[in-house]
Structure formats: structure tokens, C-alpha cells
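Here is a short briefing for a first look. Keep the sequence and the model at hand as you read.

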Amino acid sequence: MRMVLKARIPTQTGNEVIQNGGLPKIMESALAALKPEAAYLTLDEGERTAFFYFDMQESWQMPVLLESFFMDLHANVSLQPVMTMDDLRTGYGELMSGT
């Protein structure tokens with residue numbers, strides 16, 4: 001299932017991992033684990049924030065994919081399913097067909 005992961009990094013933690021050189025390594029590890037179709041970096045409520053759009057096959061993958069954000073970045077993490085326009089069209093097609 002296509003998911004969006006939002007990881008908001010507290011300013012102090014972000015400053016520390018940037019100063020010690022760890023942020024690039026953490027982000028590269030996240031990219032390798034998630035294999036996202038897209039990744040965006042921005043600010044949210046004044047904090048460094050990353051959005052990753054990726055496919056998660058099974059719910060048991062959550063600890064494997066998310067724990068580094070909690071442990072290494074003390075990030076506020078959210079995870080939710082998302083659709084593309086093609087997915088939406090398919091969903092509405094199923095809805096309208098009564099199946």
C-alpha cells in the first residue's frame with residue numbers, strides 16, 4: 001500500500017545531528033530502507049520535516065522502517081495511506097459499479 005511518512009525533527013536534535021555529521025547518513029539509510037518514489041524536505045511548524053512516499057507491503061514493517069526516525073532523530077512521525085489519481089479513479093469505479 002502506498003504510504004506517506006512524515007518525520008518532523010525537533011530543532012535541537014536536528015542541530016546536533018547536523019553538527020556531528022550524522023544527518024546525511026541517517027537520511028541515506030532512510031532512503032535505502034524506504035525506497036521511496038518521492039522524498040521531500042521542508043519546514044513544518046518551524047521544524048525540519050521530511051515527507052517520504054513509499055510502498056509498504058505489511059504492517060510488521062513499521063518498526064523496521066520507523067524506529068530510526070524515533071531513535072536517531074527524536075522525530076514526531078506520522079504514517080498514513082495515500083492514493084494517486086489512478087487509485088482514486090479505480091476506487092470510484094468500484095464504488096459506482098456496486099461491487
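Residues 24 or more positions apart account for 68% of the contacts in the chain with a separation of 6 or more. Contact here means heavy atoms within 4.5 Å. This is a predicted model, in which local features need pLDDT of at least 70 and side-chain atom pairs count only at pLDDT 80 or more, while totals for chains, interfaces and linings use all residues. Residues are numbered from 1 along each chain as its sequence is written, and side-chain values use heavy atoms, with hydrogens and water left out.

**Overall build**

- The chain holds four helices and four strands. Helices (H or I, at least four residues) and strands (E, at least two) are DSSP runs, numbered from the N terminus.
- Along the sequence, the pattern reads β-α-α-β-β-α-β-α.
- The radius of gyration is 16 Å, well over the 13 Å that the globule rule gives for 99 residues, so the chain is more spread out than a compact globule. This radius is taken over C-alpha atoms, and the rule is 2.2 Å times the number of residues to the power 0.38.
- The C-alpha trace spans about 55 × 30 × 20 Å along its principal axes.

- Four strands form an open sheet in the order 2-3-1-4, with antiparallel pairing. Two strands pair if DSSP finds at least two bridges between them.
- Strand 2 (38-44) and strand 4 (76-81) are the edge strands, and each pairs on one side only.
- From one strand to the next, the twist averages 20°.
- Strand 1 (residues 2-9) pairs with strand 3 (residues 47-55) in the antiparallel sense, over eight bridges.
- Methionine 3 has phenylalanine 54, in strand 3, as its bridge partner.

**Helices on the sheet**

- Helix 1 (residues 11-19) packs on the sheet and touches strand 1 and strand 3. Its direction makes about 80° with that of strand 3. Axes are lines fitted to C-alpha atoms, for helices over the stretch in contact, and angles run from 0 to 180 degrees between N-to-C directions.
- Helix 3 (residues 61-73) also packs on the sheet, touching strand 1, strand 3 and strand 4. The direction of helix 3 makes about 155° with that of strand 4.

- Of the 99 residues, 30% count as buried. Buried means under 20% relative accessible area, exposed over 50%, and partly exposed in between (1.4 Å probe, protein chains only).
- Aspartate 44 sits in strand 2. Aspartate 44 is buried, with a relative accessible area of 19%.
- Not counting residues up to four places away in sequence, aspartate 44 touches Lys6, Arg8 and Thr49.
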